[in-house]
Amino acid sequence: MTLALVFILTKLETNIGWSVVRVIREETFCVLFFTNDELQSLTDTIEMENMFELNLFGVRDADFFKSNAGGDFGLEVSDAVKKCESERETCENDAVFLCKIFSSIAKAEKRCYDNANAMGASEKLKKVYTSGGGAANATWCKMRSSCLSIDNKSGSTIDVVASEYTEASYGTALLAKKGYHSR
């Protein structure tokens, strides 16, 4: 149960986040939202303007990925992309749009951890080790930490830090190895 839940949480950012931010459409082979250079530039703007901390343009209120089906795991990536495409038209600029995507992903991640606690997780969340492309983005890690720390009963901040090995899916591979050897 715990291994499966952690795997879901590990895959959440990959399956929702990265797919939404940089979707490649097979028929055109083009990046739907942002290139790596644009992501870096927009993230710098988000940080410089304290966009998330100050809740400029209501970025903290964005929640593109909450499933209407009643569950937080039920939103398909294609549905999330459609929500983002329609939201992009109403955003003030690309930095606001990206910040709303980041905020939405962080909320989906928090719901997953909250659901784990509600189902009786033996350990409360204290720290998140992250890998993949987002691990190198300090602004993104800070936003996730802020969101995960909301309503934290211990009152402490839940840090999101880059793991020692930041290759994508490294944590998933470790969990799979642990699960395999525990049989």
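Predicted model: local features only at pLDDT ≥ 70, side-chain atom pairs only at ≥ 80, totals over all residues.
View 1. The protein is built from six helices and two strands, which follow one another from the N terminus in the order α-α-α-α-β-α-β-α. Of the 183 residues in the protein, 39% are buried. When contacts between residues at least 6 apart in sequence are considered, 69% of them join residues that are at least 24 apart.

**View 2. The crossing of helices α2 and α4.** Two packed helices are described by the angle between their axes and the distance between the axes. Here the axes of helix α2 (residues 36-48) and helix α4 come within 9 Å and cross at roughly 85°, which means that α2 is roughly perpendicular to α4. On the α2 side the contact is made by L39, L42, T43, T45 and I46, and on the α4 side by D94, A95, L98, C99 and F102. Sorted by class, the residues of this contact are seven nonpolar, two polar and one charged.

**View 3. The lining of the second largest pocket.** Rolling a probe the size of a water molecule over the atoms shows where empty space is left. The second largest pocket is lined by 15 residues, and those nearest its centre are N117, K124, D151, N152 and K153. Helix α4 (residues 94-118) contributes the largest share of this lining, with four residues. By class, the lining of the second largest pocket holds five nonpolar, four polar and six charged residues.

How values were computed. Residues numbered from 1 in each chain as written. Heavy atoms only, no water. 1 Å grid on protein atoms, 1.4 Å probe; cavity = no way out; pocket = protein on both sides within 12 Å on 5 of 7 lines; lining within 4 Å. Nonpolar A, V, L, I, M, F, W, Y, C, P; charged D, E, K, R; others polar. Axes fitted to C-alpha atoms, helices over the stretch in contact; angles between N-to-C directions. Parallel < 35°, antiparallel > 145°, perpendicular 65-115°, else oblique. Contact = heavy atoms within 4.5 Å. Buried < 20%, exposed > 50% of the residue type's maximum accessible area, 1.4 Å probe, protein only.
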